[in-house]
Amino acid sequence: MAAGIAIRIDFLPKAAQATLIDNPHDTNPPWIGPSGRPRFRMEAVAKVTGDKTFTRDFRARDMPGWPGTQSHALLIPATRADAAFESLDLSLLGSTFQPDRVVLGDDLVKDGLAPPGGSVVVAPGFYGDMLLVPKGRTPRMLGQPVALLIYHDFPRYAAARRRLRFADGVTRWGAVTGYDPPPNYGASRIVRIGGATPADPDVYAPLTGTIVSGGFNAEGVVWPSSDAQGDPGEQAMAAADMIAAAIAEAGSTSLVLRRSYRSQSVDASAMEPDNGLVWYEAATGTLHAMIATQSPYEVATATAGMVAAAQFALSNIDLTIGYTVGYGTKDHSIFPYYCMIAGLYGEGRPVRLANDRFEQFQMGMKRHAFWMDNTLVVDRPTQAFQIIKGVFHCDGGGRRNFSPEVGFVGATAAQGIYYLPKSDFSVEACASRAVDAGSTRGYGTLQTMMAVEMMVDEAAELLGIDPISLRLKNVLRTGMKNSQGAVAAGALRDDEILAQMETHPLWRDRVSRKAAYEVANPGKRYGVGFAQVHKDFGDGAECAITTLMLHPSGTISMRQNGNDMGTGMTTSQAMIVAEILGKVPDAFTFGVVDWPEMPLSDALAANTQEQQDTLSQDPRWTPGYLASMSSSNSAFFVGHATREAARALLRLCLWPAAVSIWSQGPGGGQLSPLAVDVTQARFVAGQLTAGGLEPLSFARLAAAAHALGLITGVSVHSFNRWQWAEAVFDVPEVGSLRLPVDGLAIRYGDGAPADRKALMTAGGFQFLERQAVFYPPIARMNAGVTYYSGMATIVELSIDTATGKVDLLSHHSVLECGNQIVPELVSGQIQGGLAMGIGHALHEELPLYEDGPGNGTWNWNRYRLPHAGDVAVWTQSATVLPPLSETDPPKGMAEVAMIPVVPAIANAVAHAIGKRFYHTPITADQILEALS
């Protein structure tokens, strides 16, 4: 329930689900091989043979219970942001191609429809202040829609769309007002002064002090006043003054390196453009929707709040999601709400709103452009880093979205892989008339770490030291503090990666290889570059739910909130179950947000420790209910819920069922109660055994569990704020259990007594109200990040001095990501991430304003994505560090794979031609200019 509206969310319509999972193509050959390992992703055959899997593939006729026909909608975006919108002129469509319904901003105002407002999920102003620009208002940004046109038939819609593309005069403008972007979005500052040694207490750090928030005036950011005896924010500013003084006073024994960097605006170019299909059934007050999103929970709850305040009667939201690809661009995107509006005004017909590639460029979320002014102070005798100060600015465009958060995460990442005795990182996320930027892959860290790695390479050159040796002298090691004053969770292995890369032939022999290559290839220059980063994963409020059930037939079914956006999450979650229970579930449902068995609520937010302590006394309160699919969160965070559900099913169901079987027979059967316990449970060839006891099939275990009325279903809710929440539960017939989850529900087998079954009310489960809960302190948010995956990349390239063209000859990467769930999926993420990073380094760029994508003329004919020939597709290699042990958790790694190749290329270009570049992309024209 949200805003009094019942919500149901499914992953693909049931008919399509059967096609996806039970398709004969997928069962012959099966996606699971004889070894129990996946032969390919579970949806692979369905995708490559054209079955409906992506949201974009569906039409109304494919949706069970929907009408067989649909309408089509398109948006009219503004190509100016300096004048008031006056009217539409659709005369070029003639009488034949006029829309059946025109929806204007004034209609939305009259009917009470505004962008979703502040909630637990999104901050106030997150989606701006207008969905469609009303008459008399100036668009906040280029590309902002001024109207929605709906057609009841496809041919007229398609013809109208062609006529309207690139047409002048469709939007009539009134008075020139000048630009009217929103107020700037936010500013953060992270200041730390460490103790005399890394082990000593900090003089000042955000973890024990605060992260500083800044305001804005006409001149820019306004920070708190400086006062060493004041409140935590004033103390932080006093520490910042001390750092500024230390930089100013640095003498001849210090290298003081000041450089300015810029990272460009980028379109993520996800394979599936934004799209949705919505049917408003007024008679029942039901809004049916099929939406491409990474954030189904937010889409459902925010839509409920948006429509509840309007004049449309709404009692139910029935949301379906399919597979999608987003790279962050479908995480809390505004596009689903345009789809909902199209459905509400569809006059009882389903309406499809789907961007083509021109439209996706014009209004799809972008990666933030960043400007970075960095100062690095190095002690020359020891080559030890003393200070890094970074002043960052990012352009968030005309909607807030996650711009302040992206800036903040970029600032937390700016220290890179290094220990810094003193650091001061500040960032301002500013508004502009540009197309809005949001949570695109990298989330600010690509930009800031790129600059630091380029800077460290230049510092090594100025100090006359090998760049990897300089990194090893300054690497952040296990137990050391990050720039927020927090110690990373688990072991840091950046030093191992550096040591391995230092001996790689590409790096070890780079001088001789350069000489030999340039002799053999006149007119070309050869260079080798290196960079290494570690990237946080998670967002500090990660939560997930998994339900597992053992059925009387011996089959296992799984419900999971995660939805697959191209990472292979559905396959990996199934394999997590197999690692613990010996086989993958027999039936799956993903993308679930309707959880009657888990009646927790995050309707009230805790912003202080006192609030959290009070709210957590309610056994049904949680700081966060469900998270979107982002921040590389599927393997570690979503996987934690799946892993704990599987462990609980083993402990509460399969093990006692096995004990009951082993204990039968003359003389107490095979089992000596003290001889084995659940820690000895092993699954071999799909059967449970322990301590040499008889292997038991799932059919036998299920029969025993149901006959005895044991627990046969478990549902868990997990929450993580850079530390797992834990809770104590009183489990019937078991006793008190402390688990690393904050919600637990159980389901009994068929043979359970009536009084036990009577307790199963919530979705057929008994929800167990916890006896105690231990949530991570609110102050953990000041840690910024504590979970890291590391990756390094060496690049060898050549540059044609006549054309300036860069050719990647080969590259090698080393990744540290704990235990791999499915190594083939990890490999795919490495390769895809490298390609994306190569594009950022050498090819991709969008102008921000009038000549940029907001004018509607951009597509891949103008925007240069990397091709196979650009990425050394046949000569790239990668290795993954072996885990420290078999108990290491898998780490999120999809984002980190993209980052180090960007500065590695910049450093390789510098090695090739002796000229450094501080802006990306590095183009042939820039190289020719430098060579001249």
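Asn217 stands opposite Gly220 of strand β9 in this predicted model. The strands concerned, β8 and β9, form a hairpin with two residues between them.

**Strand pairing**
- Strand β8 (residues 212-217) runs antiparallel to strand β7 (residues 186-193), and three bridges join the two.
- Within that pairing, Ser188 has Ser213 in β8 as its bridge partner.
- Strand β9 (residues 220-222) also pairs with β8 in the antiparallel sense, over three bridges.

**Salt bridge between Glu359 and Arg161**
- The side chains of Glu359 and Arg161 meet in a salt bridge, at 2.4 Å from N to O.
- This pair links distant parts of the chain, with Glu359 in helix α9 (residues 357-363) and Arg161 in helix α5 (residues 154-164), 198 residues apart.
- Both Glu359 and Arg161 are buried.

**Salt bridge between Asp466 and Arg510**
- Asp466 forms a salt bridge with Arg510, and their closest N and O atoms are 2.9 Å apart.
- Asp466 lies in the loop between α11 (445-463) and α12 (467-474), whereas Arg510 belongs to helix α15 (residues 510-520), 44 residues apart.
- Asp466 counts as partly exposed because its relative accessibility is 24%.
- Arg510 has 16% relative accessibility and therefore counts as buried.

- Lys583 and Asp586 form a salt bridge in which the closest N and O atoms are 3.0 Å apart.
- Asp586 has a relative accessible area of 41% and is therefore partly exposed.
- Salt bridges with shared partners join Glu453, Asp457, Glu461, Arg471 and Arg916 into one network.

Key:
Residues numbered from 1 in each chain as written. Predicted model: local features only at pLDDT ≥ 70, side-chain atom pairs only at ≥ 80, totals over all residues. Heavy atoms only, no water. Pairing = 2+ DSSP bridges. Helix = DSSP H or I, 4+ residues; strand = E, 2+ residues; numbered from the N terminus. Salt bridge = Lys/Arg side-chain N within 4 Å of Asp/Glu carboxyl O. Buried < 20%, exposed > 50% of the residue type's maximum accessible area, 1.4 Å probe, protein only.
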